[in-house]
Amino acid sequence: MSVDFAPIGHLVDFNDGKPHRVEVNGQDILIAVVDQEVYAVSDTCTHAEVSLSEGELVDCKIECFLHGAAFDLKSGEPTSPPATTALATYEIALEGEDENPLILVSTKAKEK
Ligand code: FES
């Protein structure tokens, strides 16, 4: 089955060490750039459904501002409590050869 992608902006718009929220296909998705890699996970904390993009990026993890759960941006898996359920993850594609490519995100979460 082919995957559809939606453009969300250029690398320079996201490459500031902070998490960003975008809406794609009615889903709130957190975009983070860590060491020039772009990650996309669900923006909704699986513990109590607050926006993770209001939290902090620490290494390759996003920390929830409310109760401190952390999630691995690569796998979506929780790495510290109280969350126990993984975040959905999304595929990223880059378009353009230069240092500021267009970022596209899959319109559906990856199958687990
Ligand atoms: S709402 Fe995110 S850890 Fe509780």
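Student: Why does Val-41 count as buried?
Tutor: Keep in mind that this is a predicted model. Val-41 counts as buried because 25 C-beta neighbours lie inside 10 Å, and the cut-off for buried is 20 or more.

Student: OK, and where is Val-41 found?
Tutor: Val-41 sits in strand 4, which covers 37-42.

Student: Which residues is Val-41 in contact with, leaving aside its neighbours within four places in sequence?
Tutor: Leu-30, Phe-71, Leu-73, Gly-76, Leu-87, Ala-88, Thr-89 and Tyr-90. Ala-86 is 45 residues from Val-41 in sequence, with 9.7 Å between the C-alpha atoms.

Student: Now the largest nonpolar core: which residues touch the most other members?
Tutor: Val-41 and Val-105 do, out of 25 residues in that core. Two or more residues come from each of strand 3 (27-34), strand 4, strand 7 (70-72) and strand 10 (102-106). Strand 3 gives the largest share, five residues.

Student: What does Val-105 contact, skipping neighbours within four places in sequence?
Tutor: Phe-5, Ala-6, Ile-8, Val-24, Ile-29, Ala-40, Tyr-90 and Ile-92.

Student: Switching topic: how many bridges join strand 2 to strand 3, and do they run parallel or antiparallel?
Tutor: Five bridges, and the strands run antiparallel. Within that pairing, Val-22 has Ile-29 as its bridge partner in strand 3. Ile-29 is also one of the contacts of Val-105.

Student: And which residue takes a positive phi in that hairpin?
Tutor: Asn-25, with phi near 55 degrees. The hairpin has two residues between strand 2 and strand 3.

Note on methods:
Residues numbered from 1 in each chain as written. Predicted model: local features only at pLDDT ≥ 70, side-chain atom pairs only at ≥ 80, totals over all residues. Core = buried A, V, L, I, M, F, W, Y, C linked by C-beta atoms within 7 Å. Buried ≥ 20, exposed ≤ 12 C-beta atoms within 10 Å, placed from the backbone. Helix = DSSP H or I, 4+ residues; strand = E, 2+ residues; numbered from the N terminus. Contact = placed C-beta atoms within 7 Å. Pairing = 2+ DSSP bridges.
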